[in-house]
Structure formats: C-alpha cells, structure tokens
Amino acid sequence: MDTSLSWIKAYVPDLDCTAQEYTDAMTLSGTKVEGFTELDKNLDKIVVGKINKIEKHPDADKLVICQVQISEDGQEVQIVTGAANVKEGDKVPVVLDGGHVASSHKDGESENGFKIKKGKLRGVESFGMMCSIEELGSTTDMYPDAAKDGIYILSDNPAYKDAPIGSDAVELLGLHDVTFEYEITSNRVDCFGVLGIAREVAATFGKKFVPPVVTETGNDEKVEDYISVEVKNPELCPRYTARVVKNIKLAPSPEWMQRRLASVGIRPINNIVDITNYVMEEYSQPMHAYDLDHIEDHKIIVRKAEAGEPFKTLDGQERKLDDTMLMICDGKKPIGLAGIMGGENSMITDDVQTMLFEAATFDGTNIRLSGKKLGMRTDAQAKFEKGLDPNTAVEAMNRACQLVEELGAGEVVGGMIDYYPVKKEPIRIAYDPAKINALLGTDISEEDMIRYFETIDLEVDKANREVIVPTWRQDLERMADLAEEVARFYGYDNIPMTLPSGAATSGGLSEKLQHEAMVREVVESYGFCEGMTFSFESPKVYDKLNLPEDDVLRRSIQITNPLGEDYSVMRTSALGGMLTSLATNYNRRNQEVRLYELANVYLPKQLPLTELPDERMQLTLGMYGKVDFFDMKGVVQAVLERMGLNKTAKYDPNAGKSFLHPGRQAVVSYEGKTVAYLGEVHPAVQKNFGIGTRTYLAVIDMQTVSELANFDVKYEGVAKFPSMTRDISLTMKKEVLAGEVEEIIRVRGGKLLESCELFDIYEGSQLTSGYKSLAYKIVFRAPDRTLTDEEVGKCMDKIMNGLADKGVELRQ
C-alpha cells in the first residue's frame, strides 16, 4: 500500500511534519511505514522558462542555441540543446547553473542526482539545461502529455500553459511530494485505502480528519429503466450496487487527479478509468465500468461459471473456468470475472455512450482461489480477497458518480440498484478500563481511553461501557483488541516496564515430543546422525524403489503449484530421501554411514482429496558399512524396548517389500499390530540410487508405537530360590524360524520358565542337507520353592512335544 503526503494532507489539512517524523510516528502507532521516497530529492533550482529565440549552432547540425526567459522581469539565459521538439514561445522546465536533476540522458538515474554546471557545447556557452520528464525523475506513463523523446513542453498542457515564468517548475508538476510505502496487515482492510490511512494519521498526530463530502447526484430518471440485477449466489456476493451514467464524454482527467494516481503508481488513462481507480485507492473499494450498450437484455446476473466455460478477459486472454468461479453476466453471456477482471466483450471504448458502474462485495476466499486457479493477480483482486466491508460499496459508488459530475464526464441517472439482502451491522464490545490497564501494565484513565476510541471514529456507549465498532473495522472483535487501540495511541514507548504478574508455570514437552526425544536418544547412541529431507517428492522415486503399479505408496497427493516435477507430490514414504542421502555419502567416499530421520508421511484416505490425509510420523533408519541385517534388527529392538514394548515382538520374513532383498527382510508386529519393517535394500534399488554396497533400511511407525508404549515399571525382589538350567541343541529344517521355536518354548514352559536364550546356530556338513541346528539355554525358577528335577523334566517334556509338532528334534 502506497500513499503520497499531499493526498493525505487533502484529508488532514493541518498536518505539518517531515517525512521522517511521519514515518516514525505512524510506525509507533501501529501503521508500519516500510520506507519513503522524496520525489524532489535530487531536484533543485528548476524553474519555468520560456523560449524566446532559437538559432542554429554554427558548428553542429543537431544542436540549437535557445534564449530562455527565466523570470517575469525579462532575464534570459542562453542554453544549447539537441532536443528537436522545442520551438519559440514554448514554456519548459529549466534547471539553472548549479542546480540538480534526478537523471541524465546519458547516464540514467543516480542516487544523488546530477549537478548542472555552465559550460560550452561545441564552442558555445550554455548556462543551464531544459529538462525532459525523465530528467525530473518521472516517466511519460505518469505524465502522458510529456514528450517521449525530448523536452517536456509545459505550455502544451492547459493546466501549465499559464504558469508564471520563473516559478518553481517542481511545484508546478506536483513533485514537491513524498510517497510512503506501508506494510498493512490483512485484517486492516480499511487501511488499504487512502481515507483509512488518513484517519490513522489524524489520530496519530492529533489533527482533524476531513473526509470528502459526498453529495447526491443523478437526474430525474430511474436507473431501473436502464438495468436490472439478479444475484444467484448471495453467499459469494453479499452486496451488489449499480448506477448508470449516460452521455459519456471521455477526456483526460484533471491534473490533481492524475498527480494523485501517479503518486501511488497508477498510470492516468482517461476521466472514466481514472475515476474508478481513484475511488478504489481512496475507499479501498474496487469498481468496474461496463459499456451498457453491450449488456444484452439490459440485465446483470451474478452466478457461478459452468465447468469448462470459456471467457476472454480484458487482457485478451481466453480462459477456461470451473464451476466454483463467480461471474458477472448479462442476459446471454458472461461479461466479467467477479472481483478480478472484466471481459473484453463489455470493455469501455472511445465510442461509449452509456456506462454501467459496478461496486460490489464478493467473498474474499472465493476470489483468491479463483485468481490462483487462473494464474491471475490484479489490484482489485488483492483488495477483494482481504474481505471488504459491504457498507462501503454505496459510499464509493456515490463518490464515483459525484466525480463524474464534477469532471463533466457524463450525466448520472437517478437512483441506484442495491442488492443487499442481509445487512452487516456494527458490533458492540464491552470494555473495562481496569482490565485494559492490567493487560497493558498502565494507569490510563477511562476518559483518555474514550478519547482514543473517538479519535479513530469508534462510537462509545458510556452508560453501558461499550464500544460500537463500525463495520469497516473488521479487526476489532474483543476487549483485547480495544486494549491494543488504547496502547497504540497512548504510545507503546510510553508504557512503563513492569514485572510479569501471575503464577509461574513449568514448561515441558508434549507426549509426542517426549517419545521422539527417547527415540533420538536410542538411535544416536548407536551412532546414527539425524537428517532432514523434503516433504515434497518426485513421482519418479516410485520407479526407483521398484514399487508395483498398484502399490499403496504410489497413491500420493499432487501439489497444485509445484516448484517442479522433482517436488510435485507429497511423500508417502521417506525412503526416497533416505536413499538419496546415503547415495550422496557413498559417492563422497564416506565408508561408515548411519542416518535417521523422524519424518511425516502423507497418506491420502482417497483421491481426489475430500478430507485431510493421514499424516503419520515415521522413524526411518538407513546405514551401510561394516553392518548387517542383525545390526539393524538390534537397533529396532532397542527402540521398541525404550518405548516400553517389552513383550516379544514377532518378525515375519514375508514382508512383501519390493524395494528390499526378498530373503533379507522382515515385518515387525507387536500384540497383533504392525509397528515396523526392516531389511537389506534390493540390489536393483541400490543400483537405481547409485549405491555400490549393501545397504540396510528400517521404518518404525511412531504413531502405532506411541499407542502401544507402556512405561509402567514393576519391581520384583531378588530371587530367594535357585534356578535350574537346561541346555538343548535342536535340529530342524532351515525354513523353521527361530522365533517360532522360542514361542513354543515360552508357551510350553509355563509359569516356571524364567528365560530362553539362543546361544548358538550351526549349519554344516555334520547335518543333513537343508537342516540347521539351534542351541538354547532355558532357565526355570519357582518363586516359593526349590525346583526338583522331576518338575523341570515335565516342563521339558511339554516343550519337546510342542517342538516335535514342528518337526524339531533334539540333536543327537
């Protein structure tokens, strides 16, 4: 948001401050000024001159010698110029000897400008310089009457032709001004207009705010005879106003309006276009003008577009719409994209005779989403998407029509179409001076608080201690907001330092963060380093992981506006990032690497999305070097034990992970729930990622582990009775898993079984081909007595009977 100081002074006429004082005061009162530009910073000793005589240069065909009058008493200076557009009698801006200009024709702009000195051009003395608009620091866009390549002929502009000779040309052109750039928060919609800023200025400096007086306009005709309005989607268009102007007379807008528009970076075009832009900047209410003769059936219909409906906007672009976008239509066709841009089929041309003015309020969210879908961004859209006050529309409309009549741009038809089914009313907020002072740490009287409220046009009901908030202050919702208003105008720098009051509270981590900290502690103790990768992923990674076409991990969420194909989907697994990191380390010849990442994955419940995806935290482990499958299994087991999963976890080698080695992978379950999987990376996947050594991965689902976590600890006394130990060596087929054997031992061993530990594995020539041998140490103990051989023997018999059913026998 930009404003010029001169425009602000139009509504705060008593304002008298420097640009720096303005910047500091406004920033302290809550309207942050990002910076300012003094338009006359490098302009000095520049006057209005009149060319009395022009002679050819004796030694240069492209130069002329001008005798330029620089005062009313007839004083002349000689200036040599190469400009081809000057003639005798022209009034021009002249910079005198020792003066400064903002830029030069040769060197362009300079931060400190250029000093003009008298000198000789091809042997002829020159005592100054006649200026182009660029040399004065502006452009022909902002001064349309200025020559594009030559001296600015002031006398060609009716507003300047009678300027006194010798008067200040910088003042004449409105360049003794300052433009300010603001950082306005999105909830202060009123401050996106000059009137809103001016109101804040008046309150900040304690000056009177004088808004423009809007008078009634219109002839004796009825607007209903010219146009009708139907709104089919009132939830997207809560208010729509329209007025008609006939007998349009297009012409340049007056100089004061052109200068104000130029000061905020808007190029003057003609009186009608400039009026709509002027009111938009003044009231923060975008307006649009349609050629009424191009509106079929003389009817406006506000409706949603049809899916795939084509529409050509004012910029000549053909756009395809969807059924969420709001359109302005006539009786047969769309003529405008609501809140964003009008249509080429109803644009104002030089032949316009009768015009329809539109001032409406549209749903900000819908406007923002429509603009993003179409890849469009306009000034009107930027204001609408903030959520405008519907009660401003009529005042802005009347202001525009007032300017039409004042500028003689047309004849305003009486009356107004105003669709406004549900009126937005001011709200009341109770205030308590004691609570406000307690919140701010101040001792401000109630009278001063009321004065602050009234300064910014907030009406106060003193009897009920309520502030009546106008609808244009959408940021005020509760007493804390009123306290902020008090603080702003009391002065943040005047609030004394106080110690915080209230009881101290102890901080702490949430349960989720505590669990993550436990996991970090475990894996880092095993030598793992934490890594972080993007949540965005490339769909190509699915092919690199050898995922089947129907794999659930391929069902990823597409990003609407990705940075590129490599970041076009939300990841369903962190394995791609982990393997890429491991590959980077391998290619840089790091011999031993262990990485982990606590990463969110995004699993859609259905596609296309109808609700938020399942966002799950997973611990992903990756390593290579002097390690094997069982090293990774040990880390996984350590993590589970640290999380309180102390019962026996089951490892199923039939994990079915296509990116893992088919014979060296396992899925881990605990109490019937899958909590993790691990394994060696498939050789083909290793090759895809450029890793030339055996690599191991593990993924632990933190959400499931957290749900199963149990940190209750039951302490037992030292055993009073001795244990009895049995060592057994078993033979079985290689397909029988050690976990299955241990499960049988635990179940059959009963209450007397204390522990079961595998201490030897043998596969060799002393066994039948296809068989292996496992040796276990089994410990029995009773809490209340010393066991006998007979009791232990019975337990061992039960164990061996159970193992026999699996084809497991004692090794002979």
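Me: Which strands form a hairpin with six residues between them?

Reply: Strands here are DSSP runs of E at least two residues long, numbered from the N terminus. β4 and β5 make the hairpin, and Gly74 in its turn has a positive phi of about 100 degrees. This is a predicted model, where local features need pLDDT of at least 70, side-chain atom pairs count only at pLDDT 80 or more, and totals for chains, interfaces and linings use all residues. Residues are numbered from 1 along each chain as its sequence is written, and side-chain values use heavy atoms, leaving out hydrogens and water.

Me: How many bridges join β4 to β5?

Reply: Two strands pair if DSSP finds at least two bridges between them. Six link β4 to β5 (residues 76-81), and the two run antiparallel. Within this pairing, Gln69 stands opposite Glu76. Strand β3 (residues 44-56) also runs antiparallel to β4, joined by six bridges, with Lys53 opposite Gln67.

Me: Is β4 buried or exposed?

Reply: Buried means under 20% relative accessible area, exposed over 50%, and partly exposed in between, using a 1.4 Å probe and protein chains only. Six of the six residues of β4 (residues 64-69) are buried, so the strand is largely enclosed by the rest of the structure. Val64, Cys66 and Val68 point one way, while Ile65, Gln67 and Gln69 point the other.

Me: How many disulfides does the structure hold?

Reply: A disulfide is a pair of cysteine sulfur atoms within 2.5 Å. The structure has zero. For Cys66, the nearest cysteine sulfur belongs to Cys131, 13 Å away. Cys66 counts as buried, at 0% relative accessibility, and Cys131 is likewise buried at 0%.

How values were computed:
Helices (H or I, at least four residues) and strands (E, at least two) are DSSP runs, numbered from the N terminus.
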